[in-house]
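Student: Please take one chain of this model and go through it closely. Keep it brisk.

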Amino acid sequence: MKRMIKIFSAFVLSSAVLAASTMVAQAAFESSYTYNYDYWGDVQDSPDFYNATKVFTSVDFGLETPFNQPNGLFVKGEKLYVCDTGNNRIVVLDRTGKESFAVVDIIEGVKGSPIEKFNAPTDVAVNDEGDIFVADSNNHRIVKMDKDYNFLLEFTKPNTSTIDKDAIYTPAKIAIDTADRVYCVASGVNKGLVKYENDGTFSGFVGATKTPYDFTDYIWKRIATQEQRAQMENFVPTEYDNLYMDYEGFIYAVTGKAEPSDIRSEKIDAVRKLNLLGSDILVRNWEWPVYGDLYMGNGGGFEGPSYFTDVTTFENDIYVCLDKNRARLFGYNDQGKMVFAFGGNGNLDGYFRKPIAIEHMGHDILVLDTLDCTVTVFSPTEFGQLVYNAIEQFDAGNYDVSEASWREVLAIDGNYDLAYIGVGRALLRQERYKEAMEYFELKYDGENYSKAFKQYRKEWVEDHIGIIVAVLLAIFLIPMAIGKVRAVRYEIRTADIFKR
Amino acid sequence: MFEKATTTSKIGTFWKSFKFAFYCMSHPLDGFWDLTHEKRGTYAAANAILILTLVARIMKLRFTSFVFDPVYWEDINIFLYLASILLPLALFVVGNWGLTTLFDGKGRLGQVYMATCYAMLPYPLMQFPLMIASNLVTIEEGQFYTLLDELSLVFVVLLIIAAMGQIHEYSMAKNLLFTVASLFAMLVIVFILLLFFSMISQGVAYFISLGRELLFRL
């Protein structure tokens with residue numbers, strides 16, 4: 001009997017171990033929800049950076065008429081504005097708790113305007129005074145109203161020769177700056193963003209691609225005939241998909257409308273950060289381009305590059321781009337290095353069917369799905385909070401706190417390149433150059449390594465100046481002395497007085 | 001008496017011929033003429049220089065600062081890495097010899113090999129100090145490193161051209177022409193090798209399928 005029990009328990013134990021090992025093996029083949037790319041561009045699985053805390057449907061919001069193809073999101077403080085395009089209305093919600101929203105108001109039109117009802121509004125923006133700007137797409141206007149929805153201004157089709165007179169003008173996405181100037185992405189306008197002054201006048205296009213001068217193109221155009229030249233037109237159109245005004249007044253603009261080959265070859269930037277003059281000032285210090293997924297294979301029925309449809313920027317300069325092709329979110333830091341990438345197509349929480357807009361509240365991310373008519377709220381996990389804390393403490397100048405936070409991140413995920421570089425940068429600021437160099441070397445950060453090494457070398461030379469001088473003197477003096485001695489000996493040997 | 005003993009001993013001749021590589025480096029035309037015509041070079045020294053070059057190439061991977069030469073170790077195949085020197089060398093030697101024999105070059109196959117190896121000396125000579133130097137400079141000062149790194153290759157190429165002119169007893173123009181022509185000869189050899197291998201594999205596949213067919217029928 002005892003023997004039987006022994007055999008039985010051994011069998012149970014071994015099968016349990018076997019099952020566990022196959023589970024581990026299976027887990028190893030499945031890539032994780034969140035991932036990142038390392039220095040070499042290899043995919044590194046990562047602990048989750050964000051968790052989908054809750055997916056809000058129309059019912060969860062307490063709406064009588066459910067959403068119909070919502071298109072735009074806007075956050076002002078704790079208020080969330082959803083552009084319910086299909087129902088020609090804007091739903092104003094208030095975040096009452098971590099996982100609850102309450103409907104504040106539903107805006108269906110504007111009082112005192114020639115056309116009172118909205119017709120397919122696609123985007124909304126609110127300024128500090130509470131004035132609301134609406135991209136009223138099928139009424140071909142952008143409308144400005146006060147907080148009681150009284151008509152203030154109308155921004156209409158720009159009266160300029162560069163836009164076709166007969167073309168229908170459809171504003172799609174808008175952003176406003178602190179002076180109430182309006183920047184607009186209009187469908188069919190491929191010369192950049194349409195910019196209006198705060199009195200409603202059109203003042204030009206912002207952020208068009210500069211066509212680079214290409215010498216070989218010039219040669220070819222000299223040879224080509226008139227028709228061939230027309231075909232070769234080297235005009236790279238700039239048709240943005242969406243824009244976001246960050247807390248500093250810079251515009252983040254994204255596009256996916258370009259030819260995939262243009263995005264792959266970086267002829268067109270998927271993301272741009274535009275300053276007041278409309279030039280791109282986005283920092284791209286990563287080894288890899290800022291266009292989402294590096295690998296564009298046709299896995300899972302999706303092919304081509306990531307299609308950035310919206311972007312939002314945190315106060316710590318991390319910007320998150322929403323890819324509507326593979327339904328993923330890509331976060332980049334102020335250096336253009338990838339902080340996280342997660343998401344996917346599907347019906348589970350945290351996956352999307354057709355994500356269209358992204359916004360943030362504090363560190364939380366809100367994503368609007370136009371097909372599911374849902375708003376998904378993502379909150380940072382412990383891992384994400386540690387990373388944010390480390391970055392924000394570094395920016396605040398608390399380098400030792402930042403270092404400690406990065407080390408905690410490393411304890412969770414040893415494959416996270418940013419953490420090594422983060423520890424290194426914190427050490428560099430604390431003037432611990434030798435340690436900083438080790439961390440930079442681990443993740444091939446030559447730029448920062450050189451900074452640390454330069455200081456380390458300086459210190460080393462200062463500490464060993466005596467030895468260095470001694471060695472240099474020895475190098476020069478010893479051969480000189482030997483030469484002198486030899487010369488004297490030669491003189492003596494050949495001197496006449498010693499000759500026989 | 002002592003002088004004579006060293007020249008006749010094996011190690012002595014090796015040393016002398018090895019040291020002659022430095023003379024070839026500083027006096028290419030005179031040096032490479034004497035290398036074959038005065039029999040100042042030996043195969044042992046040539047092999048030693050080749051081995052030094054290979055060692056330098058491998059050590060460069062490990063000891064150059066990652067700032068200038070980040071290495072993806074997962075992808076390194078040491079044999080392929082060595083072949084990246086040995087294969088072009090073999091192709092060049094054979095191609096150059098094959099071509100120059102037809103156009104009254106005086107160098108023999110072994111001499112072409114020996115001269116080419118002798119001409120490679122600047123590479124290890126410059127790469128070893130550069131490995132150390134790369135760890136002492138920052139990325140802003142890296143211009144010097146990259147310049148010297150490229151210079152070592154340019155030096156080798158110039159020496160090879162000079163060497164070929166001397167051992168084949170060619171004039172300058174003819175020498176340049178045939179150095180370029182040897183590159184084409186290398187391409188032709190590669191082409192023929194590929195052709196040969198694919199033909200052989202097709203032929204083998206034919207007989208294998210023939211055999212299979214027979215086995216089916218029997």
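Tutor: Take chain A, starting with its contacts (heavy atoms within 4.5 Å). Among those with a separation of 6 or more, 48% join residues 24 or more positions apart. Some ground rules follow. This is a predicted model, in which local features need pLDDT of at least 70 and side-chain atom pairs count only at pLDDT 80 or more, while totals for chains, interfaces and linings use all residues. Residues are numbered from 1 along each chain as its sequence is written, chains are lettered from A and ligands numbered from 1 in the order written, and side-chain values use heavy atoms, without hydrogens or water.

Now the build. Chain A holds 11 helices and 25 strands; these are DSSP runs, numbered from the N terminus, with helices being H or I of at least four residues and strands E of at least two. Its radius of gyration is 31 Å, well over the 23 Å that the globule rule gives for 500 residues, so chain A is more spread out than a compact globule. That radius is taken over C-alpha atoms, and the rule is 2.2 Å times the number of residues to the power 0.38. The C-alpha trace of chain A spans about 130 × 95 × 50 Å along its principal axes.

Next, burial and surface. Of the 500 residues in chain A, 46% are buried, meaning under 20% relative accessible area (1.4 Å probe, protein chains only). Chain A exposes about 25800 Å², by the Shrake-Rupley method with a 1.4 Å probe. Carbon and sulfur atoms supply 54% of that area.

Then charge. Chain A carries 52 positive and 73 negative charges, and their mean positions lie 9 Å apart. Lys and Arg count as positive, Asp and Glu as negative; His and the chain ends are left out. Each charge is placed at NZ of Lys, CZ of Arg, CG of Asp or CD of Glu.

Last, the partner. Chain A puts 14 residues into the contact with chain B, and chain B puts in 12. Together the two chains bury about 1200 Å², 62% of it on carbon and sulfur atoms. Buried area here is the accessible area (1.4 Å probe) lost when two parts are put together, summed over both. On the chain B side, Phe66(B), Tyr72(B) and Thr138(B) lose the most area to chain A, together 46% of what that side buries. Chain B itself has nine helices and zero strands.

Technical notes. Buried means under 20% relative accessible area, exposed over 50%, partly exposed in between (1.4 Å probe, protein chains only).
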